[in-house]
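Look over the sequence and the model before reading on.

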Amino acid sequence: MANENHSSPTEGASLMSHSPAGTSNQNQPSSPKPVRLVQDLPDELVQAGWEKCWSKRENRPYYFNRFTNQSLWEMPVLGQHDVISDPLGLNAAPVPAEGGAGEAAVVVAAAESKPRKRRLSEEIQPSGNSTKKPKQPVPSSPSVPGNLVLKLWGVSPEDKQQAALLRPTEVYWDLDIQTNAVIKQRTPSQVLPPHPEVELLRSQLMLKLRQHYRELCQQREGIDPPRESFNRWMLERKVVDKGTDPMLPSNCEPVVSPSMFREIMNDIPIRLSRIKFREEAKRLLFKYAEAAKRLIESRSASPDSRKVVKWNVEDTFSWLRRDHSASKEDYMDRLEHLRKQCGPHVSAATKDSVEGICSKIYHISLEYVKRIREKHMAILKENNIAAEAEVPEVQDRLVYCYPARLGIPSPPMPSVEMHMENNVACVRYKGEMVKVSRNYFSKLWLLYRYSCIDDSGFEKFLPRVWCLLRRYQMMFGVGLYEGTGLQGALPVHVFEVLHKHFGVSFECFASPLNCYFKQYCSAFLDTDGHFGSRGPCLEFFPVSGSFEANPPFCEELMDAMVSHFEKQLESSKEPLSFIVFIPEWRDPPTPALTRMEQSKFKRHQLILPAFDHEYRSGSQHVCKKEEMYYKAVHNTAILFLQNNPGFAKWEPTPERLQELATAYKHSGRTHSSSSSSSSSTAEKEREAGREQSTSRETNPN
């Protein structure tokens, strides 16, 4: 059985290189120094690395594996069922069948079994803030990494107190849950491997592209770029992009982005914000009328358009001078009337200019991609690595999903520095520093340990962490709270219910930073594959399994997601279920929401009221604990898309739906979250959501 840690016997052999055989002691996990007893074990167990030791704490013997750091009270049995390497128990001795043991409807191929990896999470001490349930104590020495990884943290191996830094104190994930997602075995990807030098160039060019966008909006239209519009432009472009760069678009049709065009047009002639007071409404009406008149006079509009706009603007000015007792609602009604009368003429006058902005940004991105690829190819050539690897043949078989693999070998990595500042890991390359909290750094180490197969000595761990953090920093912007709404995640209590009652073990839209399970899809296969990603969701084709989907709120991406899910549900005869969380936008309704509500695969729909439920912040890997959660500013629609076998296995019964609704009532915030810091953050993110909602007031193209 191929599982998430290896996709083939060859890859399984690569994972086994973590064992002491064939590696130097410097790269080993540090073994405990227990009191060893006379070894009366069978030769097979001794050769497998087992020793009989004495526990001073429990005053009894136990068995320790020096290869895997596994400890057992009872004598180990070779060939026993291991859920990690043999999920279906195909290689285990026959045992009495339990309920549900014969549910497998597909024949899943079995890979070579291997000793179970020791999990750092088994050694985590529960704290008052931990969301995971404490595990039963096991007799063991700490399963922390050895001298090399301690040095990576800047910790002396002799300092046992400092070694505790390797254990997270707050856990917002459960990496022990195994996947039930089954796919067809696939070939390694031909995407170029990440490299800090390439990622540094990409980030510099991305910052330049954002600056070009800002300057074009200001110079041509006299407005600041709509908030998050650049981020949503990249998300929308990657839906249709067939280019080679994992982040910047370079081969898209059409060239003019519907998302960027729509959002810029909506802010012309001025950006409209939500109004609370009467005077604000009056001021906004005056500014809109003045801006519309100025714009129509400065553009090559038709005489009829000029006449209509000028007449409506003068009529508005006359009404403002005449009526001093108007209410806030009167001003807003007048503004809406003015927009309907002048909006089409203003849009016609600015259409060519806005299309020019969209086209210019795309072509600059195209040039930047060429420069990035030239840099990448030069590094590969310098290290005698072919840019196109030979594609190995794979068997036509079904396997449990495993992390995305790269077919092109990784070149040697440059040195990357790291130090700790107040429980924050600061990773630096050539003066460019990225940050991540200590807890999430520990999470990345765990994901890397479970998923990476080409770096047994962890020599490339820090460079790959730097590339990953830099990629997401550039993807969603460097501004305060920028992009956090696009990376929001469900609360931990909700994930627990989804797994317990609906069998969910996989996230369709996540990242190594915000994932709850260790199996997930993410935007970037090259940087995230080493940390457990299965690749982009639209390129992932499951045959069976239960999935959670909480996509970034980009209309084009959500629409493509619906098409992808319906295609998988239509083609599979195995149990398949998608539980989708999207905002309930009704004015106008999004195509994705409308299509799912009308889909033949829709089994149930649940609506969560705005401000009555929460999301985890997209900046959870760097934010403070009291800023971890924020209130949703829109209703959230939860839709269950299932084929018939999936509905029979994970039916959304009233009892299960009640458990899901109850989970949302367990706030992720502590009582101290009412502090001013948390309130300020909530208001910032709430405003981001409001601005996002106003960007949808015009109909999509």
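A polar contact is a pair of N or O atoms within 3.5 Å; within protein, one must be able to donate a hydrogen and the other to accept it, and residues adjacent in sequence count only if both atoms are side-chain atoms. The side chains of His634 and Trp585 make such a contact, at 3.4 Å. This is a predicted model: local features need pLDDT of at least 70, side-chain atom pairs count only at pLDDT 80 or more, and totals for chains, interfaces and linings use all residues. Residues are numbered from 1 along each chain as its sequence is written, and side-chain values use heavy atoms, leaving out hydrogens and water.

**Around His634**
- His634 is buried, at 15% relative accessible area (buried means under 20%, exposed over 50%, partly exposed in between, with a 1.4 Å probe and protein chains only).
- The C-alpha atoms of His634 and Glu584 are 6.7 Å apart, although 50 residues separate them along the chain.

**Whole chain**
- Of the 701 residues in the chain, 55% are buried.

**Aromatic rings**
- The structure holds 26 aromatic pairs (rings of Phe, Tyr and Trp, its six-membered ring, with centres within 6.5 Å; planes under 30 degrees apart are stacked, over 60 edge-to-face, the rest tilted).
- Phe286 and Phe317 form a tilted pair, with ring centres 5.3 Å apart and planes at 40°.
- Phe286 is partly exposed at 39% relative accessibility, whereas Phe317 is buried at 13%.
- Phe495 and Tyr516 are stacked, 4.9 Å centre to centre with 0° between the planes.
- Phe495 is buried at 1%, and Tyr516 is buried at 4%.
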